[in-house]
Amino acid sequence: MPTQFAEESIYNLLPRLEEKPVKPPRYISIFRPSVKREAEKHKAQWKTMGPAKVAVPSPKNFLQKHSKEPKLPARKKEQDSKKLPALSVPRRTDHPVMGIQSKKNFISTNAVAAITGLPKKPQPIYVDRRQGDKYLLETSGLVPKYIKKKDYGVTPKYVAKRNEEVKRAREKYEASILENLKKRAMKRLSDEERMSLLQGLKKNWEEVYHEFQRLPVEIDTIPKKLNKEKLETQMKQLEHDIEVIEKHKVIYIADE
């Protein structure tokens with residue numbers, strides 16, 4: 001690879017003066033004098049201790065003790081404040097009534113009450129095992145309390161209200177459909193026509209199915225395969241039509 005050398009010249013041996021780059025003049029904004037003048041004009045306006053003119057407080061209005069505590073309203077004197085409340089405890093000066101005796105025979109009364117009174121019914125209890133602890137039966141959840149409620153088996157009000165709203169919405173929807181169908185000249189099938197149509201479709205399905213069963217077991221030719229596919233397609237279409245008619249009670253057809 002050939003080496004490259006700088007071109008030699010005799011002028012390169014002479015000393016050269018070092019040239020210093022000339023700096024461009026510094027940028028000075030044209031708004032500098034106005035800004036400097038405004039700064040000197042409004043200089044140190046904020047260096048004050050509070051407002052310039054403040055009313056000097058009077059030495060008589062000094063802070064007193066408890067002056068900032070909340071004061072309660074003055075108590076109103078009640079008219080019956082002199083009357084003392086009724087006492088349930090007898091006074092020290094009161095004397096009991098003496099000499100009152102009862103002729104009631106408490107022994108015989110208690111005996112008659114014990115004989116004629118109904119026996120106390122024991123509370124029903126249950127135990128978890130043969131030698132277990134006893135628990136109250138009423139709070140155990142084993143007593144059928146819920147079925148003895150007055151509103152047991154009654155449809156709640158919110159459910160009845162919701163059913164009425166659904167019924168009204170369905171009637172409104174059916175009325176709008178009838179109106180649209182009348183405009184489009186549609187005819188609604190009656191129940192007799194619907195049942196006859198359904199029976200006819202089922203009869204056709206039975207005929208196609210009977211023909212399908214008479215097919216040979218071994219289908220080895222193209223015409224046999226085509227015939228089988230044709231019968232299967234007819235059966236599927238009839239089954240779909242029967243399902244649609246059984247599912248929808250109301251059917252509309254175009255009035256020709």
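**Close-up views of a predicted model**

**Figure 1. Overall fold of the protein.** Five helices and four strands make up the secondary structure of the protein. The model is predicted. Along the sequence, the elements run in the order α-α-β-β-α-β-α-α-β. The protein has 256 residues, and 5% of them count as buried. Take the contacts between residues at least 6 apart in sequence: 53% of them join residues at least 24 apart.

**Figure 2. Confidence across the model.** Mean pLDDT for the protein is 83. A value of 70 or more is reached by 86% of the residues. Among the elements, helix α2 (residues 106-116) has the highest mean pLDDT, at 91. Strand β4 (residues 252-254) has the lowest, at 72. Where pLDDT is low, predicted coordinates should not be read in detail.

**Figure 3. The largest nonpolar core.** Eleven residues form this core. They are L189, L198, L201, V208, L215, L231, M235, L238, I242, I245 and I251. Two helices, α4 (191-213) and α5 (222-247), each supply at least two of the core residues. The most comes from α5, which gives five residues. In soluble globular proteins, nonpolar side chains tend to be buried together.

**Figure 4. Contacts of L231.** L231 is one of the residues of the largest nonpolar core. Leaving out residues up to four places away in sequence, L231 touches V208, E211, F212 and L215.

**Figure 5. The largest pocket.** This pocket holds about 160 Å³ of space. Its lining consists of Y173, E174, I177, L178, R188, H248, V250 and Y252. Helix α3 (residues 157-183) gives the most to the lining, with four residues. By type, the lining residues are five nonpolar, one polar and two charged.

**Figure 6. Backbone at H66.** H66 sits in the loop between α1 (32-41) and α2. Its phi is near 60°. That is a positive value in a residue other than glycine. Is H66 buried, partly exposed or exposed? H66 counts as partly exposed because its relative accessibility is 49%, and exposed residues are those over 50%.

Terms used: Residues numbered from 1 in each chain as written. Predicted model: local features only at pLDDT ≥ 70, side-chain atom pairs only at ≥ 80, totals over all residues. Heavy atoms only, no water. Core = buried A, V, L, I, M, F, W, Y, C linked by side-chain atoms within 4.5 Å. Buried < 20%, exposed > 50% of the residue type's maximum accessible area, 1.4 Å probe, protein only. Contact = heavy atoms within 4.5 Å. pLDDT = per-residue confidence, 0-100. 1 Å grid on protein atoms, 1.4 Å probe; cavity = no way out; pocket = protein on both sides within 12 Å on 5 of 7 lines; lining within 4 Å. Points joined across faces, edges and corners; volume = space filled by probe spheres on them. Nonpolar A, V, L, I, M, F, W, Y, C, P; charged D, E, K, R; others polar.
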